[in-house]
Amino acid sequence: KTLQFIFLNRGALDNTGYTMEEARSLTPIDLKPDYSVSSFRNMIEPLINGKKEILVFQTTHKRKDQSLYDVEVHLQKMFYRNREVFTAIIIDITQATNDEKRLKELHEKLVKSNERLKYFAATTAHDLKEPLRMISNFSDLLRTRLEGQLNEKTSKYLYFISDAANRMQQLIYDILEYSEIEAGKLKKTIVDLKGILLNVMSDLEPSISSKKAILNLPDEYPVIRGNEILLYRVFQNLINNSLKYSKENQRPKITLSIKEDFDCFLFTIADNGIGIEEKYLNKIFDLYVRLHSKAEFQGTGLGLAIVQKIIHLHGGEIWVESIPGEGSQFYFKLPK
Ligand code: ADP
């Protein structure tokens, strides 16, 4: 009734700096500068009238020397020598509160530095486009103007210049695309999967017909929510890779299948291409990872990194299984 302390254990005495004698003349309000008698009584009302078994709250405690520390209080009603009393377990959360504050500061710093990095990557890539276009255009111009007048070596050098410029253009395009895919900007709608695949097929038609590739697509498509443009890029990249990394002496056969699972749809894109050695299976989704020289296969090594980023943004996951020389199966899950 008086709220006066009856007993404090050793830890409580050490923490508050009072002796037992001193503490017995105090009430919790003397320790809790955030509360007045009435606000404290209001708070413990549910314990008194039995509406609550336990109250847990965070506040600040004042020591005898007036210094403050953050605490978490667990308050309960109990019987002690036939009297109704309160028992409180007080946890000093100074460290946890400091850690949390520090974590928040670090997180904010990280977000800002990430923003700056993204901005840097985007502007650098963007600014490089123009001079590159000049190199590419003028080397093409030189080649056509000097057609027939150049010896074999010189025309080869000119070809190297424009080829390098083209690859760099593709690289810049991919870096920009990678840095622009962002969670916050992800607009989701019901996705027309069949439409996406028809478009991808028409995009890749030159390569499909020159390689005489066989594409097996499902008859039915599930209804999923996602970003149509980004998912289009997923299928385009994966099917393009299956065409690109096909075996020279064999017609590429690419099969897309979709299975319904409990909470997601599992997509599989299987090919009969050159396959991937086991030790590279996890690495190929990293930025700039390529297993072949540019002479063997053109590419920037960003395609699968972009695909993975898009799948993760949709709350899914992606992985690959493969037997070198026989083919690869790319699996990805999208939540329902
Ligand atoms: P890129 O095709 O531009 O090199 P990707 O990120 O799309 O980059 O692929 C990374 C690497 O993974 C490729 O260089 C290739 O070695 C390997 N790879 C991707 N898809 C396949 C596939 N279907 N079959 C065999 N290897 C593949």
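Q: What counts as a polar contact here?
A: A polar contact is a pair of N or O atoms within 3.5 Å. Note that this is a predicted model.

Q: How far is Gly303 from an oxygen atom of the ligand?
A: A backbone N or O atom of Gly303 sits 3.4 Å from that ligand oxygen atom.

Q: Which ligand atom does Ser328 face?
A: A nitrogen atom of the ligand. The Ser328 side chain brings a polar atom to 3.5 Å from this nitrogen.

Q: How much of the ligand does the protein bury?
A: 98% of the 540 Å² that the ligand exposes when taken alone.

Q: Which elements give two or more residues to the shell?
A: Helix α9 (228–244), helix α10 (303–313) and strand β10 (327–335). The most come from α9, which gives 3 residues.

Q: How many residues surround the ligand, and which are closest?
A: There are 20. The closest are Asn241, Tyr245, Arg290, Thr300 and Leu304.

Q: What's the shell like by class?
A: It has 9 polar, 8 nonpolar and 3 charged residues.

Q: New topic. Which residues form the nonpolar patch on the surface?
A: Met134, Phe138 and Leu141. Together they have about 290 Å² of accessible area.

Q: Where is Leu141?
A: In helix α5, residues 94–145.

Q: Why does Leu141 count as partly exposed?
A: Because its relative accessibility is 41%. Partly exposed runs between the buried cut-off, under 20%, and the exposed one, over 50%.

Technical notes
Residues are numbered from 1 along each chain as its sequence is written. This is a predicted model: local features need pLDDT of at least 70, side-chain atom pairs count only at pLDDT 80 or more; totals for chains, interfaces and linings use all residues. Side-chain values use heavy atoms; hydrogens and water are left out. Patches are made of residues with over 30% relative accessible area and no salt bridge: like charges are joined within 9 Å, nonpolar side chains (Val, Leu, Ile, Met, Phe, Trp, Tyr) within 5 Å. Accessible areas come from the Shrake-Rupley method with a 1.4 Å probe; for residues, only the protein chains shown count as cover. A salt bridge is a side-chain nitrogen of Lys or Arg within 4 Å of a carboxyl oxygen of Asp or Glu. Helices (H or I, at least four residues) and strands (E, at least two) are DSSP runs, numbered from the N terminus. Buried means under 20% relative accessible area, exposed over 50%, partly exposed in between (1.4 Å probe, protein chains only). A residue is near a molecule or strand if one of its heavy atoms lies within 4 Å of it. A polar contact is a pair of N or O atoms within 3.5 Å; within protein, one must be able to donate a hydrogen and the other to accept it, and residues adjacent in sequence count only if both atoms are side-chain atoms. Ala, Val, Leu, Ile, Met, Phe, Trp, Tyr, Cys and Pro count as nonpolar, Asp, Glu, Lys and Arg as charged, and the others, Gly among them, as polar.
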